[in-house]
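This report walks through a few features of one protein chain for someone meeting the structure for the first time. Please have the sequence and the model at hand while reading.

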Amino acid sequence: MITTCTRDCPGSCSILAHIENGKIVKLQGNPDHDVTAGFLCKNTAHYLEDIFYNSQRILHPLLKENGEWKRISWDVALDIAASKISEVIEEYGSSAILYYQGFGARTALQSINKRFFNLLGGVTATYGTVCGGIGHSAMEMDFGVKISHDPLDHLNSDMVIIWGRNPAITDVHLWRILRKAKRNGTKIVVIDPVETKTANLADIFIQPAPGSDHYLAMALAKIILEHGFIDSDFIDSHTTNFESYKDIIDNYSLEFLSKKFDVSIAELKDLALSYAQCKPASIIAGWGIHRYIQGHLPLRFMDALAAITGNIGISGGGVSQGFEEYEYFDFSLENVDGGENNNHRQIPMPTLGEAILSTEEPPIKLIFLASADPVNLNPNSLKIKKAFESTDFVIMIDHFLNDTSDVADLFLPATTFLEEENLMGSYGHSWVSPINPVVPPQGEVKSEFEIFQLLSKRLGFGNEMSGAPKKWLKKLAAPILNQNMNFNDIQTSPQKMVASTEIPFADGKFKTKSGKFEFIREFAVQDDFKRKYPLKLLSTMHPDFIGSVVPESYKVDGFLEVKVHPEILKDKNITDGAKSLLESTVGSMVVEVKADESVRKDYVLTYKGGWLKHNKCVNVLTHDQISEVGNGTPYYDTRVRIRNLD
């Protein structure tokens with residue numbers, strides 16, 4: 001049986017599931033998918049034991065009474081949910097309900113969830129993102145649209161710069177392609193403040209100060225411009241604002257820029273001239289580079305690097321930061337009566353806790369969330385927890401009791417991608433893939449789609465939500481079917497929507513107002529240095545789990561481990577392995593420090609996703625703020641200090 005992993009990962013692996021005696025015994029990568037290529041990441045390979053058949057997975061509805069979870073029937077659970085929704089609407093209006101859609105699963109049918117809330121009359125929703133909005137907006141400024149090169153096109157590059165990304169851990173299928181490129185002679189460069197597994201296998205590794213990537217890109221451009229290694233034909237024919245961009249570059253000396261990102265000018269010159277002369281050369285941008293208030297700047301200056309060297313519109317070139325996984329579907333179905341957006345109001349996702357607490361007329365009285373653990377994964381966890389506790393009722397759909405369930409009142413257990421019917425795109429490649437039920441739902445779990453259908457019947461608009469998943473999926477997939485694809489083919493095997501040989505902007509046309517690539521024209525930076533909190537806080541993905549869905553084997557006792565340069569510990573009189581206090585402007589937590597010489601002296605390094613209840617939630621420290629562009633979440637602009645507990 002073919003299905004697809006729906007978790008928050010660029011791989012979106014196409015899976016062959018093997019069944020024996022009604023039980024799934026093995027998950028295997030689909031060999032007919034050119035990115036999955038017959039193998040799975042270790043997290044998906046161990047999905048059966050870590051998630052699907054995990055003894056901690058919740059298989060029945062739960063209601064919290066006097067602080068304890070009690071098993072109830074679906075009829076009771078749905079009656080309670082419908083009653084609470086009706087009570088809030090009657091007393092305060094539908095805007096008093098907040099619907100929070102997370103990124104734990106990323107499927108087509110989830111748009112029907114939003115239709116449900118629009119049918120209620122429109123509720124409070126969120127805008128912005130805790131993921132990739134900053135980079136997306138930056139690339140729209142330059143290109144008019146965010147389009148990446150097919151992962152396989154990197155095999156045609158003479159050089160690949162992996163900038164702020166660790167595919168050896170976070171995107172192993174892309175990493176397979178890049179390792180093949182390296183064997184074929186492609187030079188692999190990694191730019192990252194963290195010495196990652198990817199960095200250890202690179203030909204060149206540059207380790208700049210965190211948050212200085214825009215300065216680094218400017219310095220590379222300055223060297224290239226001074227040596228005349230530019231593509232004048234491309235600049236003259238297909239770009240605008242070049243002189244303004246050049247003025248920005250000319251305003252800064254190499255010495256100044258080098259000091260900002262803390263890399264020697266000699267290293268810089270070698271990289272700049274190699275990139276300029278290794279045409280075609282591609283840049284693969286990660287999500288770490290834009291987790292800053294001005295996170296759009298690195299992307300804009302990276303895009304400019306590709307433009308001045310003529311590495312745009314050619315095979316093996318470009319700047320790639322992912323794909324739009326929803327672009328192939330028709331999501332107008334979530335709206336009602338032809339409206340563009342029926343939500344009455346929106347609040348910012350990056351500052352969710354503060355937004356809930358400060359929203360009035362009406363206040364948020366009920367929260368309904370799906371595929372999300374915001375208490376753990378959003379910034380300023382304790383404020384979000386306080387905000388959820390300030391409401392009258394919280395309903396959540398999930399697989400496990402987690403940090404957010406601690407402030408929830410009703411838990412509705414959900415199916416996984418092995419038990420439901422759906423479709424999904426990917427933000428790591430251009431395939432649309434089927435999600436098929438491999439086995440019947442475990443216990444009493446239900447899909448999000450079925451839950452909202454059942455609730456709609458109780459609330460009086462069941463006809464507006466009725467129909468089998470296939471009916472809705474056909475409507476959602478209309479743009480795909482209009483390309484002469486057969487719906488049965490989409491449901492039975494993955495479909496590649498864009499050929500590997502199709503190169504973004506090969507025609508020299510862009511989606512900007514000018515129709516050309518638009519260089520950045522204005523540049524003003526914020527100085528975020530805070531003497532009392534001298535270290536930046538970097539929290540990367542744990543190699544053994546995705547998001548906050550930790551496997552049963554994960555060690556929950558002890559303290560969050562934080563890696564720090566030995567000289568920082570020496571200066572603070574802290575011994576390796578000691579318990580220390582890590583503080584920011586929004587919180588503090590006891591951590592276990594580990595001396596690590598590969599960590600720069602200007603940041604501390606840890607993992608995200610550890611649970612608050614286990615004293616391992618790094619977002620207790622993360623400042624809740626909104627990026628300058630893209631309404632994103634600047635996790636890495638949190639500054640901390642570390643001190644001895646004594």
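Phe242 and Tyr245 lie three residues apart in helix H11 (residues 242–250), so about one helical turn separates them; helices here are DSSP runs of H or I with at least four residues, strands are E runs of at least two, and both are numbered from the N terminus. The model is a predicted one, in which local features need pLDDT of at least 70 and side-chain atom pairs count only at pLDDT 80 or more, whereas totals for chains, interfaces and linings use all residues. Residues are numbered from 1 along each chain as its sequence is written, and side-chain values use heavy atoms, with hydrogens and water left out.

Both Phe242 and Tyr245 are buried, a term that stands for under 20% relative accessible area, while exposed means over 50% and partly exposed lies in between (1.4 Å probe, protein chains only). The structure holds 30 aromatic pairs, where rings of Phe, Tyr and Trp (its six-membered ring) pair if their centres lie within 6.5 Å, and planes under 30 degrees apart count as stacked, over 60 as edge-to-face and the rest as tilted. Two of these pairs are set out below.

| Pair | Centre to centre | Angle between planes | Class |
|---|---|---|---|
| Tyr215 and Phe256 | 6.3 Å | 80 degrees | edge-to-face |
| Phe242 and Tyr245 | 6.3 Å | 45 degrees | tilted |

Because Tyr215 belongs to helix H9 (residues 213–227) and Phe256 to helix H12 (residues 254–261), their pair ties together parts that are 41 residues apart in sequence. Tyr215 is buried, at 8% relative accessibility, whereas Phe256, with a relative accessible area of 35%, is partly exposed. One aromatic cluster includes Tyr215, Phe242, Tyr245 and Phe256, and among its other members are Phe143 and Phe301.

Elsewhere, strands S18, S19 and S20 form an open sheet in that order, with antiparallel pairing; two strands pair if DSSP finds at least two bridges between them. Strand S18 (422–424) and strand S20 (495–496) are the edge strands, each pairing on one side only. Between S18 and strand S19 (residues 431–435) there are three bridges, and Leu423 stands opposite Pro434 in S19.

Taken as a whole, the protein chain has 22 helices and 27 strands, and buried residues make up 60% of its 646 residues. Its C-alpha atoms fill a box of roughly 70 × 70 × 55 Å, taken along the principal axes.
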